[in-house]
Amino acid sequence: MLEKRIGIYIYFKQNKFIRQLKRYGHLIYVNKEKKYLLLYIYETDLSQTMEALNRLKYVSDVVASEYPNIKREYGTENFESKDYRVI
């Protein structure tokens, strides 16, 4: 069975620390200009990993992704009935 994973955004101070941050999870995206990266980790390890990352000198901020909290079910309303234009 697949384990649930969550994305975390890590903001770092210098680009040379990207290689060291890769060992904390699965690296997905790096933005070198804005100095952040997206890392996927298992949800069971979330609190331990975030504490370890916050202790590092070269990490300025760690933010967990809000994607699991977003509502992904949309209503099945009929929007065409609300269209009052005359054709």
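Of the 87 residues of the chain, 28% count as buried, where buried means under 20% relative accessible area, exposed means over 50%, and partly exposed falls in between (1.4 Å probe, protein chains only). This is a predicted model, in which local features need pLDDT of at least 70 and side-chain atom pairs count only at pLDDT 80 or more, while totals for chains, interfaces and linings use all residues. Residues are numbered from 1 along each chain as its sequence is written, and side-chain values use heavy atoms, with hydrogens and water left out.

**Overall layout**

- The chain has two helices and four strands; helices (H or I, at least four residues) and strands (E, at least two) are DSSP runs, numbered from the N terminus.
- Reading from the N terminus, the order of elements is β-α-β-β-α-β.
- The accessible surface of the chain comes to about 7500 Å², and carbon and sulfur atoms hold 50% of that surface; these areas come from the Shrake-Rupley method with a 1.4 Å probe, and for residues only the protein chains shown count as cover.
- Among contacts (heavy atoms within 4.5 Å) between residues at least 6 apart in sequence, 65% join residues at least 24 apart.

**Strand pairing around β1**

- β1 and β3 run antiparallel and are joined by seven bridges; two strands pair if DSSP finds at least two bridges between them.
- Within this pairing, I8 stands opposite L39 in β3.
- β1 also runs antiparallel to β4, with five bridges between them, and I10 has V62 of β4 as its bridge partner.

**The nonpolar core**

- In soluble globular proteins, nonpolar side chains tend to be buried together.
- Here, the largest nonpolar core has 17 residues, and those with the most contacts inside it are I8, I10, L21, L37, L53 and V59; such a core is a set of buried Ala, Val, Leu, Ile, Met, Phe, Trp, Tyr and Cys residues joined through side-chain atoms within 4.5 Å.
- At least two residues of this core come from each of β1 (5-12), α1 (18-21), β3 (36-42), α2 (46-55) and β4.
- Leaving aside residues up to four places away in sequence, L37 touches I8, Y9, I10, F12, I18, L21, L27, Y29 and V30.

- S65 lies in the segment after β4 (59-64).
- Is S65 buried or exposed? S65 counts as buried because its relative accessibility is 17%.
- A polar atom of the S65 side chain lies 3.2 Å from the backbone nitrogen of Y67.
- Not counting residues up to four places away in sequence, S65 touches I6, G7, I8 and Y9.

**Two loop residues to look at**

- K35 sits in the loop between β2 (26-31) and β3, and its relative accessible area of 31% makes K35 partly exposed.
- Most residues other than glycine have a negative phi, and most peptide bonds are trans.
- K35 has a positive phi of about 60°, although it is not a glycine.
- E43 is found in the loop between β3 and α2 and is partly exposed, with a relative accessible area of 36%.
- Which residues does E43 touch, not counting residues up to four places away in sequence? They are K4, R5 and I6.
- E43 and K4 are 39 residues apart along the chain, and their C-alpha atoms are separated by 5.9 Å.

How values were computed: Polar contact = N/O pair within 3.5 Å; in protein donor to acceptor, adjacent residues only side chain to side chain.
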